[in-house]
Structure formats: C-alpha cells, structure tokens
Amino acid sequence: MTEFFLLAGGYGKRAEPLSSYLPKPIFPLNGIPLISHISSQLKKGGVSRGNVNLCHMGEKIENIPLPGLDIEYINEKVLSGNRVLKEAAEMDGEYLLVVNGDTYMEVPVRELIKKVDSSGADGAVLLRAKGDGVYSSVIFNGENFLKRDKDPVAGQFMYTGVSVFRKEIVNEFREENLFDSLERIGANIKVLIYDGIWFDLGTPELYFSADSGFRKYYGIKNTNSLSSNVSILPESDITNSIIWENTQVGNRVKLNNCIVTGNMSLENCNYSNKIITPSRIYDLKI
C-alpha cells in the first residue's frame, strides 16, 4: 500500500503578489485549483490516503473539497521542510509518495513504485530534462542517484518535485532539504526520467505560462481561464486572461494577457500584461 504526502505549506514569496491572495497549491489552472488537479492524479495512480502539510493560508487549502481522498492535514506554525515527512512514517503503507504542491504534472505513480519494488532500492526520484529555467542539477550514474548540485549547469536533469520512498527510510530524514538527508544516509535511490507535461507555478509569469500551456496541452478551447462565480458582460473584451473567483467584469472593460486575483468588480478599464489586485496594478512580465 502507498500513501501520499503533498507538500503545500510554502510561503510562495516568488509568486507575490499572487500568493498574497491565494497559496500556490490552489492557484487555478483552467479555473480549477491546482490541488484538485493533483488529487485527480493521485487517485488515477491508485493512491487515496495521505497527508497534506499546511502553513501559509492553510485554511484556504483545507477548504478545497477533495472527494475520494482520505487526508490528514498537518498544520505547521514554522515550516520544517523535508522533516515534516516523518509525520507519515507511522502510517500503514509500505511506500510514501512525496509530491510538491506547486507544480503540475501527470504523476507516474505506478512506474515509480515499480522502480523501487523491482530494484529493492530505498526510493526513487523523478527527474526531467531542464529545458527553460534555472534549477538545481541532479547528478546520477545509470539509474543510481548520486547527489544534488545547486549549480544549474552541473547537469542536464532536475528534480520534478515527485519521489517515492520506503517508509523505513523516511524515518531517518533529519535535514530540511530532501537531498541533504538522502546524501547523509547514503540511501540507495534510483532515478526515473519523466518526459511528460510539467509546469512550475513558482512566479506570476511561470503561472501565466502554465495556465495557457495546460489549456493547449489538453486541447481546451477557452479563450480565458475563469474560476467559479465570474461574470463578464458581453460588451467587455477579455482575451487570454486568468480571472479568479468572485469577479464581476462590467461595462467597457478590455483585458489582454492579464491575471485578476478575484473578489472584485471591474468597470471602464483597459489593461494588457497586468496583474490586477483589489489594492493595485502590477506589471506581468511576459
């Protein structure tokens, strides 16, 4: 049996000002909170029981209904990083699937477990070719994990934010960073290469790109991404924009390539490449 641990407690400082209104795990993709998409991936992989850690705006995450999952929420006053995974070490399952709550991908749950089970390893980390973006490198030899290198040019592969471990190895985690614990322990960790869809929602610009990429990948024809309780008058002109919940778009509003953080009404405005919040307007650098 496998349980999951969804890491959802981060402060999301790189995602400001968006993360001042919602925590990253519930940023909507095509109008649906990220955590709802992740939960669908978990259920598809046959994993329905686990933990979610909370800190920044944790109550907003906990209020998102995730039907079909048996979840125990862990509220952290101060984030403990990788150390919080030990909270799940006493659960019944043999494996713990660890998923970062600020990225979207099609989680290959069964392939990861098979990699550990067939090799007798302590765990497996899911890697991908870097592509765009500056990310730490993960160094490996064949199928064997060697180390993480913070230098982005040290290697061509990066951690996707998904891994699976035997429960006994989770009990030995001490450091805040996952890879620091793996290297100290000298754990036998395999790597699995992933070449599917993967989006980082870590900054407003990455989030905007992730939303449009998500719609394109799944063939969604919507011109815009609209969350619940959004109304737009026909006289308005809204293109390629993300509008969060409880937003009323009234007369003579023109938006292009914008993110609206919700809980507001718009009238008589014209914006392109902007983040629109109730308190001020920010540039969206796309």
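The dialogue below takes up several features in turn.

A: This is a predicted model, in which local features need pLDDT of at least 70 and side-chain atom pairs count only at pLDDT 80 or more, while totals for chains, interfaces and linings use all residues. Residues are numbered from 1 along each chain as its sequence is written, and side-chain values use heavy atoms, with hydrogens and water left out.

Q: Which residues touch the most other members of the largest nonpolar core?

A: In soluble globular proteins, nonpolar side chains tend to be buried together. A nonpolar core is a set of buried Ala, Val, Leu, Ile, Met, Phe, Trp, Tyr and Cys residues joined through side-chain atoms within 4.5 Å; buried means under 20% relative accessible area, exposed over 50%, and partly exposed in between (1.4 Å probe, protein chains only). Here the largest core has 52 residues, and Phe4, Leu97 and Tyr207 touch the most other members. Apart from this core lies another of 22 residues, including Phe5 and Ile74.

Q: How many disulfides does the structure hold?

A: A disulfide is a covalent bond between the sulfur atoms of two cysteines; the cut-off used is a pair of cysteine sulfur atoms within 2.5 Å. The structure holds zero. The sulfur of Cys258 is too far for a bond, because the closest cysteine sulfur, in Cys269, is 8.5 Å away.

Q: Which residues of helix α5 are buried?

A: An α-helix has 3.6 residues a turn, so residues three or four places apart point the same way. Helices (H or I, at least four residues) and strands (E, at least two) are DSSP runs, numbered from the N terminus. In α5, residues 178-185, the buried ones are Leu178, Phe179, Ser181 and Leu182. They lie on the same side of α5 because they cover an arc of only 155 degrees around the axis, taken from the directions from the helix axis to the C-beta atoms.

Q: What does the side chain of Asn82 make a polar contact with?

A: A polar contact is a pair of N or O atoms within 3.5 Å; within protein, one must be able to donate a hydrogen and the other to accept it, and residues adjacent in sequence count only if both atoms are side-chain atoms. The partner is the side chain of Ser181, at 3.1 Å. Asn82 sits in the loop between β5 (70-75) and β6 (95-100).

Q: Where is a cis peptide bond found?

A: Most residues other than glycine have a negative phi, and most peptide bonds are trans. Glu16 and Pro17 are joined by a cis bond, with omega about 5 degrees.
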